[in-house]
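Subject: Structure handover and notes

Hi,

Here is the structure I promised to pass on. Please open it alongside this message, as the notes below go through it piece by piece.

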Amino acid sequence: MTAFATLLSVIIVTLVSYAYVKNAGAVLDLTERFVDRVADSGMASTVALLDPVAAHVRSMAEVATEDEAKARDGSLFPYLMSLLDSSPQLQSIYYAFEADGRFLQAFPIPPGTEKFGANNNPPPHGAQFALRVVDRKGGVYSDVWTYVRRDGTVLGRETSNQLNYDHRTRDWYKEVVAKRSLIWTDLVVFTSNRQAGIAAAYPIIAKDGRVIGATAANISTRQLSDFMSKLELGSGGIGMIVDEKDQLIAHPDASKVVRQDGLKLSLVKAAELNDIRVSDAFAAYHATRAKFLRFNSGGMAYLGSFRELPDDFGKKWLLGVVVLEDDFVGTLKSNTRDIVLVGLALMVLGMVGMTVISRWISKPLARLSGEIRKIQKFDLAGPIAIHAWVREVNELIDSLNMMKRALRTFGMFVPRDLVRELVASGRTIELGGQDRTLTVMFTDIADFTGLSERMEAGDLLVHVSRHLAAMSQCIGQEDGTVDKYIGDAVMAFWGAPAWREDHALRGCIAALRAQQLQSALNAEWEADGLPTMFVRIGLHTANVIVGNIGSEQRMSYTAVGDGVNVASRLEGVNKVYGTKICISAAVAQAAGDSLLIRPLDLVAVKGRKAGEMVFELVGLRQGPPELLATHDQIEMCRTTEAAFNAYRARQWDQAISLYQTLGEKGGGAKLAALFVERCKAYQAAPPPADWTGVHELKSK
C-alpha cells in the first residue's frame, strides 16, 4: 500500500501538471479559433455591407442605359428611395451625366436629424428623403434640394448656388470613366453627416459604346463600427478595420473614426488613438505580416488576428482583432488549485477502493473466456459487452472487440465457412488446393461500356454496387461463395469450402433469384429515370482445383481450371442467342428434373473444339413458388425442343416453321432468327454427311 500510495501521488501530481499545461494550450488554441472566427465574421459583415451596393450601382446603370431620359428627369427617384430603404448602409445614391453635368442624388434622412442639406438647416418635419438636382441649363448653375416623405409627398425645397458642384472634375468620376468598370473610392468624410465612408461607382455606357455618365453610392461605415462594438472580446479586447494607411474605418466607438478641428474634418489613424495595445498590435503586424500573432503590451500578453479584404474588392482594408490572454486563461490558476484538492481526495478514495477492485478482476476474466470460445466457433455477432475496473482487462476487451471486427471484415473478403474452419482449427493459411466438383457461375452486365459513358463516375459506382449487392444476396441465400468481383462481373461457386450435394441446383436457383431481383431493381430505376441493366449469367458444373492460390505475401481462395473457363464462356453465349441464363449439360444433369430448361445449341465455345450442349434455364418445375415456371414458359420450352430436334434431324422446313412460330410467340426473336437463317443456309448448301450440328463460336 505504501508503494501504491507513492505511485498514485506521483501520478496525480504529474496529471495535475500535465492537465494545466494541456488545458492552457487547449484554451489558447480555442482562443485562437475564437479570434479567427471573430475576424472571419467581421470580414463577412464587411463584404455583406459592400456587395449589395455594387449590385445597386450596376442595376442603376443598366436602367439608365435602357432609358436615359427617365434617369435624367428624376422619374427614377422612387426607385432610388427603394434602394435606400433596402440598404441602410447607404448615405446617398446618385446619377451623374457627362454631356451637361446634370447630377441627381437621393439621401435618406435618419430620424432626429437636426441639420441637413446644402445650407445645413433643420429638415422639414416628417421628411424622410432628400432629393437633390444639380443643373446647368443655359449656363446657369442651380442646386435644388427637395424634401419628401416615403410616399413622395413634397414637404419643402431649398436652393444652394454656392457649392458649384461639378462631378466631372472629381477624381472618382474621371476614374470610373477611364476604367469603364466598377470602382471603389478611397475613404472620405461625408460633410452631410460627418461620418466616414467610401463610394462605389459604375459607368453608364450607351448602346453605341459611349460613356454618357455614371452611377454611384456613398456608403457609411458606421454599421461596421456598431458591429465591432458588439463583439465579446473580454475586458481587454478590441476589434477595428483600417485602410492601407492605417486610417480607421470602423472602431467600437464610432466617434473616434473622425476628428473635427473647428470646421475641418479628418480621418484618425490607429496609432493616434493613444491606445498602446492597438499601437503595439499594428507594430507587431507590420513587422511580421502574420495573420495571427502573440505580443506583449504594457507588461501583459495579447493575441492579435489580422485579415485583408478579398483582392476583388480593390481596396486593401485590414480587419484587426486584439484580445487579452488572461481574459481566457486566467481562471486556469484557480482551477489548478481545485484539481489538486480533488486529486488528493481521489488518492484516498483510490486506496480504499483498491481492495474492492481486486476482487472484481476475476469476474470479467471468466466472462472473457466464454467470449473467446465463441470466437473460436466464428460466432461474431455483436460486441463484447463486458466492463471491468482494471485497465488491462478493459484493454483486453477492446483488443478482442477489435479482433471480432477484423474477423467480420475478413469474412467479407474470404468465404465465411473457410474463415470459420481456419479459426476453429487454429491452422495457418497455406498455399494449396484440392480437386472438387463445383458449380461455377459468372454474371456480367450487357453493354456496360455504354452505361458507364452515360453516367458520372460516382453515380455509376453506386449504381453498379447496388447491382453487385443484389447478385451477392442471391448467391449467399443459396449458400454460394462469392469468389471475386471483376469490374461489373461476379464469379461465384457452390460446393466449397463447405460441400453441398445439391450445389448445381442451388446455383440454378440463385441465378433465377438474381434475374428476378434485377428485374425489380430495373423497375425501380426506370421509375427514377436511371439506366437499367440486362444481366447475363453462365453456369457450369465440372471438376476444378479449389483452394488458396497466390504467393506467401498475398493469396486468394478461388477455383481454377477448364471448368471455370467454360462457365465464363457460357455467360458470353447469352449474347449470341439473346438469352439471360445459359447452363451446360453437366449442370442440367446434376440439378435433376427440378429445372425447366430448353435446348439452345450444340456449341464449341471459343478456345475449345469439342461441342457442348447448351441450355437456357427458364424456371423451376418444383421449388420456391416465386420461381416456378408458367404455362407459357413450359409451352415455349416444348416448342424449342421440337424445333431443335428437327434442326438436328436435317428437317429444315419443319425446323424453320417451328422457330418462326417460337419467335412470333415471344420465345426469343434473336434465337428464332438465328436458326431460321441457319436452316435456310443449309437448305441452299446442305452440310456434309458427317455433320454433327456443332456450332463453333468465334468470340467470348
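First, the ground rules. This is a predicted model, in which local features need pLDDT of at least 70 and side-chain atom pairs count only at pLDDT 80 or more, while totals for chains, interfaces and linings use all residues. Residues are numbered from 1 along each chain as its sequence is written, and side-chain values use heavy atoms, with hydrogens and water left out.

**The whole protein**

There are 19 helices and 25 strands in the protein. Helices (H or I, at least four residues) and strands (E, at least two) are DSSP runs, numbered from the N terminus. Of the 700 residues, 46% are buried; buried means under 20% relative accessible area, exposed over 50%, and partly exposed in between, using a 1.4 Å probe and protein chains only. The accessible surface is about 35,800 Å², with 54% of it belonging to carbon and sulfur atoms. That area comes from the Shrake-Rupley method with a 1.4 Å probe, and for residues only the protein chains shown count as cover. If we take contacts (heavy atoms within 4.5 Å) between residues at least 6 apart in sequence, 61% of them join residues at least 24 apart.

**Helix α6 and Arg277**

Helix α6 has 13 residues and spans 18 Å from its first C-alpha to its last, close to the 18 Å expected at 1.5 Å a residue. The expected span is 1.5 Å times one less than the number of residues. Buried in α6 are Arg277, Val278, Ala281, Phe282, Ala284 and Tyr285. Seen down the axis, these buried residues fall within an arc of 160 degrees, so they line one face of α6. The arc is taken from the directions from the helix axis to the C-beta atoms. On the other side of α6, Ile276 and Ala287 are exposed. The cover over the buried residues of α6 includes β10 (238-242), β14 (292-297), β15 (300-308) and β16 (318-324).

Arg277 is worth a look on your screen. With 18% relative accessibility, Arg277 counts as buried. The side chain of Arg277 reaches the backbone oxygen of Gly236 at 2.8 Å, and a polar contact of 2.9 Å joins the side chains of Arg277 and Asp275. A polar contact is a pair of N or O atoms within 3.5 Å; within protein, one must be able to donate a hydrogen and the other to accept it, and residues adjacent in sequence count only if both atoms are side-chain atoms. Leaving aside residues up to four places away in sequence, Arg277 touches Gly236, Gly237, Ile238, Phe295, Ser297 and Tyr302. Just after α6, Arg289 has a positive phi of about 55 degrees.

**Strand β1 and its partners**

Eight of the eight residues of β1 (residues 90-97) are buried, so this strand is largely enclosed by the rest of the structure. Seven bridges join β1 to β9 (residues 211-220) in an antiparallel arrangement, with Ile93 partnered by Ala217. Two strands pair if DSSP finds at least two bridges between them. Strand β1 also runs antiparallel to β2 (residues 103-108), through four bridges, and here Tyr94 has Gln105 as its bridge partner. The hairpin of β1 and β2 has five residues between the strands, and Gly101 in it takes a positive phi near 75 degrees.

Strand β17 (residues 432-445) pairs with β20 (residues 535-550) in the antiparallel sense over 14 bridges, and Asp444 stands opposite Arg536. Five bridges also join β17 to β19 (residues 489-494), again antiparallel, with Thr439 opposite Trp494.

In the loop between β17 and α12 (448-454) sits Asp447, which has a positive phi of about 55 degrees although it is not a glycine. Asp447 is exposed, with a relative accessible area of 54%. Asp479, in the loop between α13 (457-477) and β18 (481-486), has a positive phi near 60 degrees and is partly exposed at 37% relative accessibility. Finally, the peptide bond from Ala496 to Pro497 is cis, with omega near 0 degrees; Pro497 lies in the loop between β19 and α14 (503-527).

Best wishes
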